Amino acid sequence: MFDPGQETLSAEIGEDSNGINLMEFSDEILLHILSYVSCTDLVLNVRRTCRKLATLCLDKSLTHTVQLHKKYQVNKDKVKQLMRGIGKEIHQLNMAGCYWLPSYTIDHVIRCKNLVKLNLSGCHLTSLRLSKMLSALQHLRSLAIDVNPGFDASQLSSECKATLSRVLELKQTLYTPSYGVVPCCTSLEKLLLYFEILDRSREGLILSGQLMVGESNVPHYQNLRVFYARLAPGYVNQEVVRLYLAVLSDRTPENLHAFLISAPGSFAESGTTKNLLDSMARNVCLDALQLPKSWINGSGLLQHLKFNNPFYFSFSRCTLSGGHLILRVINGGKDLKSLTSLNLSGCIHCLSSDSLFRKAEDDIDSSILESLVVSCCNLRHLNLSAAHHHSSESLGKHLCQLLARLKHLLSLALPVCSITDVPTNTDKPPVQSVTNVVPPGLGKKIRIGVPTYAKNFLEQSNQKSQSSVFWTLLENLPFLKNLELIGSNFSSAMPRNEPAIRNSLPPCSRARSVGDSEVAAIGQLTFLQNLTLAQLPNILTGSGLVSIGLQCQHLRSLSLANLGMMGKVVYMSALMDMLKHCKCLRDLRLEQPYFSANTQFFQALSHCSSLQRLCVISRSGTLQFDAVMSFMANCLEVVMCHMFMGESLTICKNLQQTILRSFQADRPALNVVIFPLLHEDLTEVIRDVPMMHLDEITLFKSRVAEEPPNLWW
């Protein structure tokens with residue numbers, strides 16, 4: 001338990017220079033302090049210091065819920081000790097994304113006899129191991145697992161199936177065509193399905209989405225309230241999800257209030273899905289809705305669906321016009337104070353009254369947006385990215401001025417062209433520097449007339465930005481935590497299931513004036529935690545980044561892509577200055593052609609003492625072997641290093657192997673992928689990346705209002 005001889009030592013540690021002893025605080029205060037310490041540290045370290053802490057560290061308020069998600073220093077031995085020490089006290093256990101733990105580590109979960117909620121997504125788990133574990137967890141009501149190739153439901157014991165029959169919430173990530181454990185979960189109220197099945201096996205064989213007839217005993221979801229399905233690209237994923245939907249079409253649950261399907265690209269309707277939607281329109285009243293774009297485009301579906309205090313809508317990539325949005329969704333201005341999250345990403349016509357004769361670059365109808373803002377006044381998450389939302393010259397009707405009324409916003413995603421001040425003559429593009437008249441992609445190496453980054457440029461940027469509509473918008477959203485500014489024509493060079501993209505579309509003409517002063521305006525967001533900036537063409541020095549580094553001290557995630565012209569990284573000096581101030585930064589993603597990951601860059605990055613994940617993507621980019629090794633040695637928290645550059649395969653492999661050989665023993669979760677960006681085998685390499693890293697940082701996407709709030713943990 002503890003060493004009595006440490007009593008005196010702990011007392012000395014707990015007493016500061018003013019004679020105040022930490023151990024004299026009340027139990028309530030100490031418990032509050034201890035709640036900020038990870039459970040593994042409490043059980044394995046803190047409770048060994050003295051008798052009082054030994055008792056407090058085992059308080060139910062601290063042991064009821066155990067979070068091992070992203071606790072990268074936890075190894076198999078620590079998990080074993082933790083389960084032995086407090087296993088019976090744990091009611092909720094989150095081990096999501098613990099990909100580095102060997103599969104037999106899961107066996108220790110059996111000690112947690114009172115578990116009610118268990119998340120094992122991303123963990124290695126076989127059918128037999130799952131069966132043995134669930135047989136002992138009779139109180140389990142919420143479960144999250146992966147279904148990998150080789151899963152065999154026939155290996156599940158009767159005791160395991162009995163536990164599954166009582167599960168109310170199931171999250172299942174499918175890497176192989178399967179029903180997983182769904183046929184056993186006859187009491188489901190919430191079903192979340194993530195389809196990550198590839199169309200081809202590692203051996204190159206084409207996979208089929210057809211399941212065995214004997215596995216099709218999927219229950220009629222009488223009690224289902226939430227159905228969510230997210231599909232990765234691929235035909236097989238669409239085939240398998242149709243099999244799940246077929247059961248819902250036979251008998252739609254009367255209590256269904258959230259129906260969400262996120263599917264990239266084209267996902268055609270079938271007879272089954274049409275029957276399902278018709279049944280939903282007749283029998284249910286929804287609070288949350290997301291459908292593939294082809295299911296909504298050109299149909300009168302929204303006219304028939306009924307909503308009751310909705311909290312989440314996603315019409316991503318739909319051709320829904322603003323007129324239909326107002327008429328069908330918010331019912332001509334109906335009070336929708338309950339709506340907290342709205343995703344209109346890629347809805348190019350959603351702010352126009354009629355989409356029949358409108359070009360994507362035409363000005364928006366400000367009255368549409370004004371009606372939306374007035375009706376949905378409590379929005380906390382809003383995504384308007386991947387579209388051209390150009391404001392007209394109407395006084396006080398600029399998109400930024402209207403959005404400034406949404407005082408409760410916590411997350412916001414906008415296209416870069418939407419934040420520009422309206423020019424006096426919209427027929428002429430903003431005046432550009434000599435560097436910006438060069439077509440993108442020509443690889444211009446020298447920037448004529450552009451000064452290098454200077455500290456006084458920061459003050460000039462702030463003075464200029466304070467008079468802009470974008471500055472006014474952010475001034476009115478002081479509690480914003482997540483901000484994305486993404487060029488309407490931006491596409492990442494990092495592929496999903498296809499070769500790397502070699503060429504990208506030029507930025508929108510309205511976006512060509514967005515640069516350093518607009519970035520500097522972001523610095524006033526004191527509580528900003530996550531920031532994405534992509535395709536801002538008028539970045540000349542990057543001085544605005546320094547303002548963010550100095551003032552946004554809570555910044556945890558930063559993603560920068562294609563800033564300034566593509567031929568030269570003009571913001572390097574400012575970026576390095578910024579990084580010296582980012583003490584809370586955990587995730588950094590950089591995507592920029594010709595980026596040089598050199599000694600100076602990694603020395604600046606070493607100031608980010610909390611950094612855990614780094615991803616650099618650069619066509620024709622270079623790296624310095626010794627600089628990377630020195631960075632990894634100095635930044636002990638880094639557990640993910642992904643670099644997709646222009647170096648040779650030999651150099652990349654040598655660096656990857658050297659990093660793993662040098663640091664894997666001390667960092668059990670270390671994941672390193674260093675590979676040429678344009679190599680033909682890149683898609684095969686990234687399929688081995690843990691889904692947690694791939695989905696959260698390596699692949700670029702807009703994440704604002706991507707899913708309903710609090711969908712799972």
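A salt bridge here is a side-chain nitrogen of Lys or Arg within 4 Å of a carboxyl oxygen of Asp or Glu. By this rule the count comes to 15 salt bridges. The model is predicted: local features need pLDDT of at least 70, side-chain atom pairs count only at pLDDT 80 or more, and totals for chains, interfaces and linings use all residues. Residues are numbered from 1 along each chain as its sequence is written, and side-chain values use heavy atoms, with hydrogens and water left out.

**Arg129 and Asp107**
- Arg129 and Asp107 pair through a salt bridge, N to O 2.8 Å.
- This pair links distant parts of the chain, 22 residues apart: Arg129 is in helix H7 (residues 127–135), and Asp107 is in the loop between strand E2 (92–94) and strand E3 (117–119).
- Helices (H or I, at least four residues) and strands (E, at least two) are DSSP runs, numbered from the N terminus.
- Asp107 is partly exposed, at 25% relative accessible area.
- Buried means under 20% relative accessible area, exposed over 50%, and partly exposed in between (1.4 Å probe, protein chains only).

**Arg613 and Asp587**
- A salt bridge joins the side chains of Arg613 and Asp587 at 2.8 Å, N to O.
- The link connects distant parts of the chain: Arg613 in strand E19 (residues 613–617) and Asp587 in strand E17 (residues 587–591), 26 residues apart.
- Arg613 is buried, with a relative accessible area of 2%.
- Asp587 also counts as buried, at 12% relative accessibility.

- Lys701 forms a salt bridge with Asp695, with the closest N and O atoms 2.7 Å apart.
- Lys701 is partly exposed, at 22% relative accessibility.
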